[in-house]
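Colleague: Could you walk me through how to read the side chains here? I would like the general idea, then the case at hand.

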Amino acid sequence: MTTEGRYIFDNSTILAKCYELLSVLFGDKEFARRIDPNDPHCTLAALKSRYFESSITRLMIEIAATVRVMQDQINLLPAESEERQIYEQRIQIVDEYDFDEFDPEDYKLRKVCNKIIHANSIKLMAKEGAEAHANDFAFLAGDTDKNINWKYHYGLARLAGKDIGKKKDWSMLLDIEVFATAVFDLLDWNRSLE
């Protein structure tokens, strides 16, 4: 989007951040499956503990803040401008996505971006891996039951904060894949959503 005298956005940069967010998220499963639980100096464990959560939250905030600024800039365009018309068509579709696992009908993309930006806490949810751990050699050979239990982050994040105006606590269970997909679908104007 190009707006005279305002911000200039490069949609491809935001789309690449959506890809990066999903890559880091989905890659966590393989990291967790390969971390040696018996090695206190495991490099993969050190990498994951140092960079996974900070990468996910940084990317979520960068994407959300950029989308919010972009939305405000698009709303300043004349209603008849092609960019605004394309945006408004696509946001109507994207706003129907189920962002929150508990309250799917209450969240539009703008509200989700605000929640990400203003969250006081973000907790990435984890679950038990069903597949064999890479170091569970006896199980992989079929000799024993699964001996190594491992957990990975599977795409849900509990966001919580305080609504300052209403002085009320809020929380949501954000589906990160739906968020990244919605932003991608909103901004990938070379692809039809119908």
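**Rings, charges and contacts**

Modeller: Gladly! A search of the whole structure finds 2 aromatic pairs. Rings of Phe, Tyr and Trp (its six-membered ring) pair if their centres lie within 6.5 Å; planes under 30 degrees apart count as stacked, over 60 as edge-to-face and the rest as tilted. One of the pairs joins W150 and Y152, which is tilted, with 5.7 Å centre to centre and 35 degrees between the planes. A word on the source: this is a predicted model, where local features need pLDDT of at least 70, side-chain atom pairs count only at pLDDT 80 or more, and totals for chains, interfaces and linings use all residues. Residues are numbered from 1 along each chain as its sequence is written, and side-chain values use heavy atoms, with hydrogens and water left out.

Colleague: Why does W150 count as buried?

Modeller: Buried means under 20% relative accessible area, exposed over 50%, partly exposed in between (1.4 Å probe, protein chains only). W150 has 4% relative accessibility, so W150 counts as buried; Y152, at 9%, is buried too.

Colleague: Which ring does the charged end of K127 sit over?

Modeller: The rule asks for NZ of Lys or CZ of Arg within 6 Å of the ring centre and within 35 degrees of the ring normal. K127 sits over the ring of Y154, 5.1 Å from its centre. K48 likewise lies over the face of F52, at 5.5 Å from the ring centre.

Colleague: What does the side chain of R68 make a polar contact with?

Modeller: With the side chain of N114, at 2.7 Å. A polar contact is a pair of N or O atoms within 3.5 Å; within protein, one must be able to donate a hydrogen and the other to accept it, and residues adjacent in sequence count only if both atoms are side-chain atoms. R68 is buried, at 14% relative accessibility.
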